[in-house]
Amino acid sequence: MAVFRFVSRKAADPSNCYVQNGTSPYFGAIVGRVANRIKDGEFTLDGKTYHLPKNDGNNTLHGGKRGFDKVLWRVTRLRKGPRPTIQFTYHSRDGEQGFPGVLDVSATYTLSGPGELTLEIKAVPRTKPTPVSLAQHTYWNLAGEASNRSILSNKVTIWAHSITPVDKHLIPTGAIVPVKGTPYDFTKPTVVGKKINDVPGGYDINYVLDRPKSKHWLRRAVRVKDDFSGRVLDLWTNNIGLQFYTSNQIKKIVGKGGAIYRKYAGLVLETQAFPDAVDQTNFPSIIYRPGQLYRHVMVYKFSVEK
């Protein structure tokens with residue numbers, strides 16, 4: 001057995017904060033069974049209402065009090081060579097954190113090319129219909145682990161012309177609105193800190209990703225450039241949404257090498273289904289039936305531009 005974490009450059013040492021005391025705010029984790037928020041910690045499926053642990057006020061966040069970020073995953077594949085791969089699996093039992101049915105999950109990381117990392121998450125319900133929406137929750141700071149720099153100077157481009165607005169509890173209203181003329185417009189390269197003060201609390205919002213403009217099956221999601229280091233991150237996905245979060249809630253967490261992580265320490269770029277899709281009938285469904293395959297692909301491409 002192994003504790004599964006893809007530890008990013010902004011991730012703390014995992015021995016204590018991930019499982020034992022829960023102080024890590026999802027650093028480097030895969031979150032689920034349903035990423036993001038579920039309103040009032042409940043949903044109705046096939047006429048039955050399921051009640052979940054409430055760990056974000058009156059709502060359920062990232063799968064509950066003991067979501068997939070706090071469980072033990074098993075290493076089931078390790079392949080060396082020019083495209084090294086490691087695969088982790090987790091068997092989620094029926095009723096775990098209130099969710100119905102057995103769910104088998106795998107997460108496969110592959111160094112898929114020069115400066116390129118691919119993550120493929122698969123899940124299959126075995127016994128009952130269940131909602132499934134998994135996300136990767138790494139905090140990215142391209143300036144480096146010990147740079148002591150925030151992400152406010154990063155230039156970000158998001159390939160999305162709409163967002164799903166939220167209420168004061170960060171629950172989607174059900175609407176889909178354009179970003180043009182708002183502080184949420186990153187359709188062109190924009191410095192993160194330029195209008196962040198116009199967004200109450202900082203950015204924590206789901207973007208509706210544009211459809212691919214070619215036959216390429218992946219959507220281009222986001223590009224981040226750090227002028228201090230010259231490092232660039234491009235993210236592609238087969239999913240429909242991107243949660244853009246500027247680590248607004250981080251408060252003096254001691255990380256790797258004694259580095260102190262504070263507000264705006266990293267960017268979270270979670271490709272995902274739309275939040276609270278179990279309650280929003282106009283959002284694409286996240287319900288999967290027994291034997292139906294859930295598949296989520298992310299391709300991270302790294303480069304340097306001076």
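Colleague: How many helices and strands does the secondary structure of the protein chain come to?
Modeller: The model is predicted, and its chain has 306 residues. Its C-alpha atoms fill a box of roughly 55 × 45 × 45 Å along the principal axes. The secondary structure comes to one helix and 26 strands.

Colleague: What is the radius of gyration of the protein chain, and what does the globule rule give for 306 residues?
Modeller: The two values are close, so the chain is as compact as a globular protein of that length. The globule rule gives 19 Å, and the radius of gyration of the chain is 18 Å.

Colleague: What share of the residues counts as buried?
Modeller: Buried here means under 20% relative accessible area. Among contacts with a separation of 6 or more, 67% come from residues 24 or more positions apart. Of the 306 residues, the buried share is 54%.

Colleague: Which strands stand at the edges of the open sheet of six strands, and why is one side of each left without a neighbour?
Modeller: The sheet has the order 13-24-21-18-15-16, with antiparallel pairing. Each edge strand has a single partner strand, so one side of each has no neighbour in the sheet. The edge strands are strand 13 (139–140) and strand 16 (177–178).

Colleague: Why is strand 15 described as largely enclosed, and how many of its five residues are buried?
Modeller: Strand 15 has antiparallel pairing with strand 18 through four bridges, and Thr-164 stands opposite Asn-206 there. Two bridges join strand 15 to strand 16, also antiparallel, with Ser-162 partnered by Pro-178. Strand 15 (residues 160–164) is largely enclosed by the rest of the structure because the number of its five residues that are buried is four.

Colleague: Which residue in the turn between strand 4 and strand 5 has a positive phi?
Modeller: Strand 4 (residues 42–45) and strand 5 (residues 48–51) run antiparallel, with four bridges between them. Thr-44 has Thr-49 as its bridge partner in strand 5. The two strands form a hairpin with two residues between them, and the turn residue with a positive phi, about 50 degrees, is Asp-46.

Colleague: Which residues lie nearest the centre of the largest pocket?
Modeller: The space in the largest pocket is about 690 Å³. Strand 18 (204–209) and strand 21 (241–245) are the elements that give two or more residues to its lining. By class, that lining has 14 nonpolar, 13 polar and nine charged residues. Of the 36 lining residues, those nearest the centre are Arg-37, Leu-170, Asp-204, Tyr-245 and Gln-249.

Colleague: How does the lining of the second largest pocket divide into nonpolar, polar and charged residues?
Modeller: This pocket holds about 200 Å³ of space. Its 14 lining residues include Arg-83, Thr-108, Thr-110, Thr-118 and Glu-120, which lie nearest its centre. At least two lining residues each come from strand 7 (72–79), strand 8 (85–92), strand 9 (103–113), strand 10 (116–125) and strand 26 (294–304). The division is two nonpolar, six polar and six charged.

Colleague: Which strand gives the most to the lining of the largest cavity?
Modeller: There are two cavities of 30 Å³ or more, and about 60 Å³ of space lies in the largest cavity. Its lining includes Arg-37, Thr-164, Leu-170, Asp-204, Ile-205 and Asn-206. By class, the lining has five nonpolar, four polar and two charged residues. With three residues, the strand that gives the most is strand 18.

Colleague: How much space lies in the second largest cavity?
Modeller: Among the residues lining the second largest cavity are Gly-32, Arg-33, Arg-66, Phe-68, Glu-96 and Phe-99. The lining divides into two nonpolar, five polar and three charged residues. The space in the second largest cavity is about 40 Å³.

Note on methods: Residues numbered from 1 in each chain as written. Predicted model: local features only at pLDDT ≥ 70, side-chain atom pairs only at ≥ 80, totals over all residues. Heavy atoms only, no water. 1 Å grid on protein atoms, 1.4 Å probe; cavity = no way out; pocket = protein on both sides within 12 Å on 5 of 7 lines; lining within 4 Å. Points joined across faces, edges and corners; volume = space filled by probe spheres on them. Nonpolar A, V, L, I, M, F, W, Y, C, P; charged D, E, K, R; others polar. Pairing = 2+ DSSP bridges. Rg over C-alpha atoms; globule rule 2.2 N^0.38 Å. Buried < 20%, exposed > 50% of the residue type's maximum accessible area, 1.4 Å probe, protein only. Contact = heavy atoms within 4.5 Å.
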